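Hi everyone, thanks for coming.

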Amino acid sequence: MACVLFVNACVRGEKSRTQQLARRFLEVYAAKHPGDMITERNLCRERLQPQYPEVLAERDALWNAGRLDQPMFDAARQFAAADKIVVAAPFWDLSYPAVLKIYLERISVTDITFGYDDRGAMVGLCRADKLLYVTTRGGNFSLPETAWMESGARHIQALCAMYGIPDFRLLCAEGLDDVRNDKEALLTAALERAAALAEEF
C-alpha cells in the first residue's frame, strides 16, 4: 500500500479549476489503486504560520536541540514519509499562492526532507519517488517567448531535486482566460489527461 499525500493549495476551493483537475486525477487514481491511502492536507484549512521571527526562533531552538519529533515539524515529517505526492496550486502572479510558499518553507527542514553528506553536498531525504504538480493558468506560459516568466512549476521541480524526489510531473491547463480560446474544451482536454496520468502514476 502506497501513501499518497495531496497538498491542496487551491484557495478558491470548490470554485477552483485547479482543484477540479486535481480531484479528477485523484478520483481515477483511487479507482485504479484501491489499496493506496490518499491523505489530503488542505493549506487553507490547516493554516501554518509564516516563519515570522518568533516562529523561526522556536524552530531554530527545537532543531538545535535535536527535537525533530515536535509538532513544529509535523508537516515536514508527513511530506518526507509520503510514497507519492500531488501538489495542486493555481498559477498566481507568475508563481502560486502564498499559502503554498509558507508550506514549502515549513517543510524544508534539514535532516527531515533534505540533508548534507560528509562532503557537504546536499542529499534528499524524502521517500517519494514521484511528485505531480497540478496547476491551471489563464495565459499560455509554455511558449518559448513566455516560459521564462513561469516560476511556479519550475520552483517545485527544483525543490524535488533538493528533496531527492526523482520523478517530477506537471499536469497543466493553460490559456483558460484567453478570450480567443474555448476554455471549456481546454479544461475538458486537461481532465482527460488527468485521468490517463492517474492510471500509471
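A quick definition before we start: an axis here is a line fitted to C-alpha atoms, for helices over the stretch in contact, and angles run from 0 to 180 degrees between N-to-C directions. Helices are DSSP runs of H or I with at least four residues, strands are runs of E with at least two, and both are numbered from the N terminus. The model is predicted, so local features need pLDDT of at least 70 and side-chain atom pairs 80 or more, while totals for chains, interfaces and linings use all residues. Residues are numbered from 1 along each chain, and side-chain values use heavy atoms, without hydrogens or water.

Where do they meet? Contact means heavy atoms within 4.5 Å, and in α1 the residues include L21, F25 and V28, facing a set in α6 that includes L187, A190 and L191.

Now α4 (residues 98-107) and α5 (residues 152-163): their axes lie 13 Å apart, at about 10°. That makes this pair roughly parallel. L100, L104 and I107 in α4 meet H155, I156, L159 and Y163 in α5.

Finally, the cores. A nonpolar core joins buried (under 20% relative accessible area, 1.4 Å probe, protein chains only) Ala, Val, Leu, Ile, Met, Phe, Trp, Tyr and Cys residues through side-chain atoms within 4.5 Å. The largest has 37 residues, and F79 is one of those touching the most other members. Its largest share, 6 residues, comes from α5.

Methods:
Angles under 35 degrees count as roughly parallel, over 145 as roughly antiparallel, 65 to 115 as roughly perpendicular and the rest as oblique. Buried means under 20% relative accessible area, exposed over 50%, partly exposed in between (1.4 Å probe, protein chains only).
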